[in-house]
Amino acid sequence: MQNDIAAYYAATKPGEVQVVGVDLWNGSPAQLAQFRVQTGATFPLALNGAAASGGNLEVLYGTFDNYIVLNKQGIVRYHAALVWPHGTRYHLNEIRATVDSLVTPTLDAPGGPPSALSLSAGPNPARGPVRVALALPSDARTVRVTVHDVAGREVALLARGPLSAGRHEWSWNGRDVAGARAAPGLYLVRVVAGEQVRSSRVVLSR
């Protein structure tokens, strides 16, 4: 988290992303200080995250080994425990994709290719078609854009094949590969472009 999230966004989006580490073991200040020394964490560490007084974050957001992204209004936009089992919840591409959808976008030179690979899906929640937007910084011989349910099963295939650098859009009609309407709930839109992978969450609401 220190290198992948805190340091990364401090360098690329200064002042826009706040990382907080929450102690859900209700340790002492000395233990938290020791943790900071051992890990090199530069972001705030919150004491007594599982204490009843002052708000129990364990009850609000789930147990330890969890990663949550909140927007500026305090709304949960990503909750790893809802998607992944304990011990396998740190998925950097999903966390960054969610954070990237909430921060100020980097402006690219007019007429030039995007500066980085990015993927977005919306509106969120969606009651109709889902707009999927991909920014591709360079030509890619193999690109695959898919929709998956929370169990990882492929629900829909939106694109497959080579794509040129630039911006591309697709619309997902909320139906699976068999043409049936997908059930309301959380889905992950995923792009694989060469060796790069990005994903974006979308909630279908009926």
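A polar contact here is a pair of N or O atoms within 3.5 Å; within protein, one must be able to donate a hydrogen and the other to accept it, and residues adjacent in sequence count only if both atoms are side-chain atoms. Thr39 gives a handy example: its side chain reaches the backbone oxygen of Phe35 at 2.8 Å. A polar atom of the Thr39 side chain also sits 3.3 Å from the backbone nitrogen of Ala41.

Some ground rules come next. The model is predicted, with local features needing pLDDT of at least 70 and side-chain atom pairs counting only at pLDDT 80 or more, while totals for chains, interfaces and linings use all residues. Residues are numbered from 1 along each chain as its sequence is written, and side-chain values use heavy atoms, with hydrogens and water left out.

Now for the whole chain. Its secondary structure comes to 4 helices and 11 strands; helices (H or I, at least four residues) and strands (E, at least two) are DSSP runs, numbered from the N terminus. The C-alpha atoms fill a box of roughly 55 × 40 × 30 Å along the principal axes. Of the 206 residues, 35% are buried, where buried means under 20% relative accessible area, exposed means over 50%, and partly exposed is in between (1.4 Å probe, protein chains only).

Back to Thr39, which lies in helix H2. This residue is partly exposed, with a relative accessible area of 40%. Thr39 and Gln2 are 37 residues apart in sequence, yet their C-alpha atoms are 8.1 Å apart in space.

His79 belongs to strand E4 (residues 76–79) and counts as buried, at 11% relative accessibility. A polar atom of its side chain lies 2.9 Å from the backbone oxygen of Tyr61. Not counting residues up to four places away in sequence, His79 touches Tyr61, Asn66, Tyr67, Ile68 and Arg201, with contact meaning heavy atoms within 4.5 Å.

Aromatic rings are next. Rings of Phe, Tyr and Trp (its six-membered ring) pair if their centres lie within 6.5 Å; planes under 30 degrees apart count as stacked, over 60 as edge-to-face and the rest as tilted. That rule gives 4 aromatic pairs. In one of them, the ring centres of Trp25 and Phe64 are 5.0 Å apart and the planes are at 40 degrees, so the pair is tilted. Trp25 lies in the loop between strand E1 (21–22) and helix H2 (29–39), and Phe64 in the loop between helix H3 (57–61) and strand E3 (68–70), so the pair ties together parts 39 residues apart in sequence. Trp25 is exposed at 63%, whereas Phe64 is partly exposed at 36%.

Another pair is Trp172 and Tyr187, with centres 5.5 Å apart and planes at 65 degrees, so this one is edge-to-face. Trp172 sits in strand E9 (residues 166–172) and Tyr187 in strand E10 (residues 185–193), 15 residues apart. Trp172 is buried at 2%, and Tyr187 is buried too, at 7%.

Trp172 also turns up in the largest nonpolar core, which has 25 residues; Val132, Val145 and Trp172 have the most contacts inside it. A nonpolar core is a set of buried Ala, Val, Leu, Ile, Met, Phe, Trp, Tyr and Cys residues joined through side-chain atoms within 4.5 Å. Apart from this core lies another, of 14 residues, among them Ala6, Tyr9, Ala80 and Val103.
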